[in-house]
Structures are given as structure tokens and as C-alpha cells.
Amino acid sequence: MAQANPEPPGPRRTVERGRYYEDFKVGDLYRHHWGRTVEAAESQLFATATMNAAPLYFNKLHAQALGHAQVPVHPLLVMNVVFGLTVEDLSEQALAHLGYWNMTFPRFVYPGDTLISSSEVLDKRESGSKPDRGIVHVRTTGVNQRGEKVCVYERKILVKKRANYGGA
Amino acid sequence: MTNERHRFTRDDNLYEDLTVGETIVHPRGRTVSDEHMFWTNVVLNTAQLHFNQKMCDDSPGTTFNGRRVVYGGIVFAFVAGLASEETEENALAQLSYDEGRHLNPVFAGDTLFAESTILSKSEDDPRLAALAKPRQAGVVKILLRGKNQRGEIVLEITRELAVLKREFRP
């Protein structure tokens with residue numbers, strides 16, 4: 001018979017991350033804290049592992065022929081890095097990510113650039129069919145180390161209500 | 001040895017080759033494995049329903065019946081990749097995506113396919129002026145759809161690409 005694991009004697013603090021429906025306020029701005037530098041190797045790996053056939057994102061000679069000093073980072077890796085940085089604040093407790101609107105890429109991103117994300121809550125509404133959840137509408141902005149916008153999009157997220165699913 | 005310049009793209013997917021109204025059925029499918037968890041973690045996506053099976057087991061009502069769902073941003077990238085050789089290989093830039101919806105979940109083991117419908121073309125879009133080679137490309141608006149092995153649409157999204165004209169292909 002297995003022994004119960006002996007626990008340290010002090011108090012235990014169980015951490016939970018992520019917001020519930022009630023925690024979002026229209027107009028709130030979240031400055032997502034991490035930031036992330038994108039390197040050349042992972043950029044090349046993303047383009048090729050997703051079977052992206054555009055040599056602009058994996059061939060320096062071709063990128064130079066199109067006017068780039070370096071091979072740029074594929075826009076969908078830029079979007080995924082900008083998005084990933086937002087998850088702890090926006091959707092770590094979400095039920096589903098519903099979709100994207102008005103996504104643009106105002107500047108190219110190159111290896112060595114550091115991406116920083118922020119998000120504004122544009123709207124929220126309760127689900128029409130299920131009272132335990134709601135839809136939060138946000139606009140996320142990704143900038144580089146100079147504060148220049150590199151990826152902007154809106155997103156709708158299906159989130160749980162704290163009243164129904166607890167949390168502290 | 002030859003001094004002839006090598007060209008790194010095909011010559012059948014330039015601005016002139018994309019026909020408004022046509023739907024391109026892309027040639028390859030792609031089965032998704034547990035690799036999706038690697039990409040979810042690489043981009044710092046911390047939503048556990050993508051990578052914590054115990055949490056999914058304990059919470060079937062708030063996950064996809066206890067199954068680890070593939071993070072949508074990776075579904076998006078895989079579908080775009082499947083569509084890329086016919087649409088993006090000779091693009092100068094991706095200008096926009098809009099009206100994007102994840103209509104069905106994707107799980108490890110599913111096989112993805114892609115189709116692109118050419119919605120419109122424009123040679124005088126003002127955004128072309130900001131590109132490095134402004135008169136060398138046109139804007140193509142495309143409806144990109146990803147389907148699974150049962151033909152169900154998993155992702156649909158519109159996109160605008162600046163695609164090179166034939167005479168300027170490097």
C-alpha cells in the first residue's frame with residue numbers, strides 16, 4: 001500500500017491563471033508581460049515545418065532578390081507569437097477561440113526583433129444559448145522593440161463565467 | 001558551372017495566373033500529430049486544454065469532451081502552408097486576414113486539406129505603394145478554407161496577398 005506523500009508543513013497556495021467572463025471590463029488594456037525575441041532558426045523551422053512554400057521565408061538569396069537584407073519572419077509566426085503572449089491574460093481559462101478579424105501586418109519582422117503584445121477589451125456579451133459563458137471581443141496589438149506595430153488583429157473568445165465555474 | 005541565375009519559385013502562380021472565381025484545390029493533405037503541442041508551447045500559449053490531458057480528463061464539460069484540441073493558430077498556419085505553393089510562393093507580402101472562424105475543432109490524428117477561392121484582384125490598391133516593389137505586384141483577395149478528412153470545414157478566413165506579376169519574378 002502506497003504511503004501518502006509527506007507534505008511540507010507550511011500553508012499551500014494553489015495558483016490559477018486566466019480570466020473569467022466577469023473579470024473582463026470593456027475598455028481595459030492589458031500589457032502582456034513577457035515579450036519574446038524571435039530568432040532565425042525558429043523562424044526557418046516554422047516556415048518549413050508548416051510546409052510553407054514561399055522561399056521569402058527560408059531562402060536568403062530569394063529574400064535579398066525581393067529587397068530584404070535578412071530573411072523575414074513568416075507573418076503567421078509573428079501572429080502566433082503575438083497571440084501566444086496574450087493567452088495568460090485573455091484565454092488561459094477560455095472554452096474556445098472563435099476567430100480573427102481585421103488582421104494586418106504593418107511592418108516585416110526580422111530575426112532578432114523582440115515582440116511585445118497588448119490587448120484592449122472592445123466588447124463582451126453573454127452567450128445567447130448557454131448562461132454559463134460569454135463572448136469577449138478584444139483587439140491585440142503586437143509591436144517590435146522600437147514600438148512599431150507589426151501585427152494587429154481582433155479576436156473573439158468564448159469564456160467561462162466565474163459564477164458557474166468557480167475559481168478564487 | 002553556369003552563370004545562369006537560379007529561380008526559386010514556380011512560374012505558374014503569379015498575379016496573372018490567379019483567376020477570379022476559381023477555387024484551387026491544393027494538392028497535399030497533412031495529418032496532425034502531437035507536434036501541435038510543441039508549437040503551442042514554443043509560442044508561449046499557456047492554455048492547458050491544448051496540452052494537459054489530465055486537466056481535459058477532469059473537465060470534459062469545459063474542454064472538447066476531454067480531448068486535447070489543437071491550438072487554432074497552428075491549424076491556421078498548417079492550412080496556410082498547404083495552400084502556399086499555389087497562392088503565396090510568389091507573394092511579396094501578406095496584407096491582411098479577416099472574417100476568420102474556427103468552425104470545427106481539430107485533434108491529433110486529423111488530416112487537413114486546403115482550398116483557395118480567388119475573390120478579387122486589384123492593380124491599383126493604395127497599399128501597393130508602401131511595398132518595396134510597388135508596381136511589380138497586384139493585390140489578390142482569397143477565401144482560404146481548411147477541411148478535415150470528413151470534408152468538414154475547420155477554418156475559413158479571407159486573406160489579401162500582394163502577388164508578383166510575371167515579368168518581375170526574380
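Which residue just after α1(B) takes a positive phi? Before I answer, a word on the model: it is predicted, with local features needing pLDDT of at least 70 and side-chain atom pairs counting only at pLDDT 80 or more, while totals for chains, interfaces and linings use all residues. Residues are numbered from 1 along each chain as its sequence is written, and chains are lettered from A and ligands numbered from 1 in the order in which they are written.

The residue is B:L44, with a phi of about 65°. Helices (DSSP runs of H or I, at least four residues) and strands (runs of E, at least two) are numbered from the N terminus.

Helix α1 of chain B covers residues 35-42, and B:H36, B:W39 and B:T40 are buried there. Buried means 20 or more other C-beta atoms within 10 Å of the residue's own, exposed means 12 or fewer, and partly exposed lies in between, with C-beta atoms placed from the backbone. The buried residues of α1(B) fall within an arc of 105° seen down the axis, so they line one face of the helix; the arc is that of the directions from the helix axis to the C-beta atoms. They pack against α3 (72-87) of chain B, contact being C-beta atoms within 7 Å.

I turn now to the strands. Most residues other than glycine have a negative phi. A:N102, in strand β3 of chain A, has a positive phi of about 50°. B:E99, in strand β3 (residues 91-102) of chain B, has a positive phi near 50°. B:E99 counts as partly exposed because it has 13 C-beta neighbours inside 10 Å.

Methods:
Contact = placed C-beta atoms within 7 Å.
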